[in-house]
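Thanks for coming, everyone. I'll walk through one structure, stop by stop. Please have a look at it first.

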Amino acid sequence: MIKEYADYAIQKTVEILAIDSPSGFTTEVAEWTQKEFADLGFDARITNKGGILVDFGGEDDNDGLFLEAHADTLGGMVAEIKGNGRLKLTRLGGMSPNNGEAENVKIYTRDGKIYEGTFQLNNASYHVNGDVNNTLRSFDNMEVVIDEDVKNPTETRKLGIEVGDIVCFDPRTRVTESGYIKSRFLDDKLSVGIVLAFAKYIKDKNITLKRRTYAHITVYEEVGHGGSSSVPEGITEAISIDMGCVGDGITCTEKQVSICAKDSKGPYNYDVTTKLINAAKREGADYAVDVYPFYSSDVELTLSAGHDVRHGLIGAGVYASHGYERSHIDGAWNTLKVLKGYLEI
């Protein structure tokens with residue numbers, strides 16, 4: 001697996017990060033993703049639920065492999081138009097108000113208009129509010145300041161903004177000369193880029209896989225039911241490709257691929273995890289095996305929905321999850337190596 005495919009993964013990650021797609025607002029990102037796989041020559045369709053199911057082909061229909069990544073992200077929804085014309089939000093997924101403070105946002109109305117704003121603490125001026133430092137950052141204490149001349153709910157509603165509108169946070173994507181990629185929502189758009197790069201590798205090398213393999217790019221992972229559907233017949237193993245954790249008590253770095261042995265839902269299948277470790281060793285991938293204390297993945301929802309499969313989890317190391325995240329091109333490269341080794345290409 002040459003590094004140009006990791007370059008491609010980062011390129012596609014940057015492109016998909018530019019598409020706003022919090023859970024429940026994923027039509028555009030699904031259409032983009034479907035087209036990317038189709039342009040590579042694969043059968044890719046959008047499911048009724050809104051995810052993308054991709055058929056990579058393969059010889060053994062009775063021992064199929066299911067790769068899962070997700071294109072939905074964190075975000076917000078308008079819960080109330082306040083008396084001052086500003087917006088109170090409710091979270092979509094695990095969006096933290098602490099991490100969103102002072103971030104630029106876009107407000108998408110139901111009639112197709114887009115407005116800009118900033119997510120701020122209520123009464124955010126230090127020179128006016130002496131209690132700024134001591135105020136709990138919560139969705140009750142924070143608001144979207146709309147970049148329009150509005151001072152009351154009537155003026156805000158005249159713009160077309162209503163309760164239930166989607167609010168998207170600026171990803172602020174950067175790629176450094178040293179190979180780091182920084183952005184909100186690398187969880188899990190980096191993995192979508194990696195799966196696209198793996199698809200390109202299969203196509204470029206004209207590879208026929210030994211086992212029938214599908215990818216499912218889900219769109220409800222952040223709210224807990226993305227991987228619960230659309231599993232084809234013949235699947236025996238399912239592997240989530242999601243962010244690898246980086247932080248205190250975890251050995252993985254942003255340059256490695258993480259292989260998760262256990263998370264908050266319990267252990268991943270022992271045999272699948274062992275096979276992933278052996279694949280990393282065979283391909284010379286720089287890897288770490290870790291336990292994630294506060295985490296769950298699409299593939300666990302696949303099992304919870306009653307599918308009889310063995311499951312595993314890998315992903316490029318990502319620091320500062322659910323905040324302003326950072327990974328590295330080497331993390332993508334090492335993840336691609338494990339996929340190559342696992343499928344015995």
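Let me start at Asp188, which is found in helix α5. Helices here are DSSP runs of H or I with at least four residues, strands are E runs of at least two, and both are numbered from the N terminus. A cis peptide bond joins Asp187 and Asp188, with omega at about 15 degrees.

Now the ground rules. This is a predicted model, where local features need pLDDT of at least 70, side-chain atom pairs count only at pLDDT 80 or more, and totals for chains, interfaces and linings use all residues. Residues are numbered from 1 along each chain as its sequence is written, and side-chain values use heavy atoms, with hydrogens and water left out.

Next, the loop between β11 and α5. Phe185 sits there. Phe185 is not a glycine, yet its phi is positive, about 75 degrees. Is Phe185 buried or exposed? Phe185 counts as buried, because its relative accessibility is 8%. The cut-offs: buried is under 20% relative accessible area, exposed is over 50%, and partly exposed is in between, with a 1.4 Å probe and protein chains only.

Arg184 is in that loop too, between β11 (180-183) and α5 (186-204). Arg184 has 3% relative accessibility, so it counts as buried. Where does the side chain of Arg184 reach? To the backbone oxygen of Asn99, at 2.6 Å. That is a polar contact: a pair of N or O atoms within 3.5 Å, where, within protein, one must be able to donate a hydrogen and the other to accept it, and residues adjacent in sequence count only if both atoms are side-chain atoms. Arg184 also touches a list of residues beyond four places in sequence, including Leu17, Met95, Glu103, Asp170, Tyr324 and Glu325. Contact means heavy atoms within 4.5 Å.

On to Leu121, in strand β7 (residues 114-121). Leu121 counts as buried because its relative accessibility is 1%. Setting aside neighbours within four places in sequence, Leu121 is in contact with residues including Glu101, Val132, Leu136, Asn141 and Met142. For scale, take Leu121 and Ile166: 45 residues apart in sequence, 19 Å apart in space, C-alpha to C-alpha.

Past that strand we reach Asn123, in the loop between β7 and β8 (142-146). Asn123 is another non-glycine with a positive phi, about 55 degrees. Its relative accessible area is 42%, so Asn123 is partly exposed.

Sheets now. Strand β1 (residues 43-46) pairs with β2 in the antiparallel sense, over 4 bridges. Pairing requires DSSP to find at least two bridges between the strands. Arg45 has Leu53 in β2 as its bridge partner. The hairpin of β1 and β2 has 5 residues between the strands, and there Gly50 takes a positive phi near 110 degrees. β2 also runs antiparallel to strand β12 (residues 211-218), with 5 bridges joining them. On that side, Val54 has Ala215 in β12 as its bridge partner. Why call β2 largely enclosed by the rest of the structure? Because 5 of its 6 residues, 52-57, are buried.

For a parallel pair, go to strand β15 (residues 257-263) and β17, with 5 bridges. Val257 has Tyr287 in β17 as its bridge partner. Strand β17 (residues 287-291) has two faces: Ala288 and Asp290 on the covered one, Tyr287, Val289 and Val291 on the uncovered one.

Helix packing next. Two packed helices are described by the angle between their axes and the distance between the axes. The axes of α1 (residues 4-17) and α8 (residues 329-342) come within 9 Å and cross at roughly 120 degrees. Axes are lines fitted to C-alpha atoms, for helices over the stretch in contact, and angles run from 0 to 180 degrees between N-to-C directions. What meets across the crossing? Tyr5, Ala6, Asp7, Ala9 and Ile10 in α1 meet Ile329, Ala332, Trp333 and Leu336 in α8.

Last, the cysteines. How many disulfides? The count is 0, with a disulfide taken as a pair of cysteine sulfur atoms within 2.5 Å. Cys260 is in none, and the nearest cysteine sulfur, that of Cys245, is 7.1 Å away. Cys260 is buried, at a relative accessible area of 0%. Cys168 is buried as well, at 4%.

That's the tour. Over to you.
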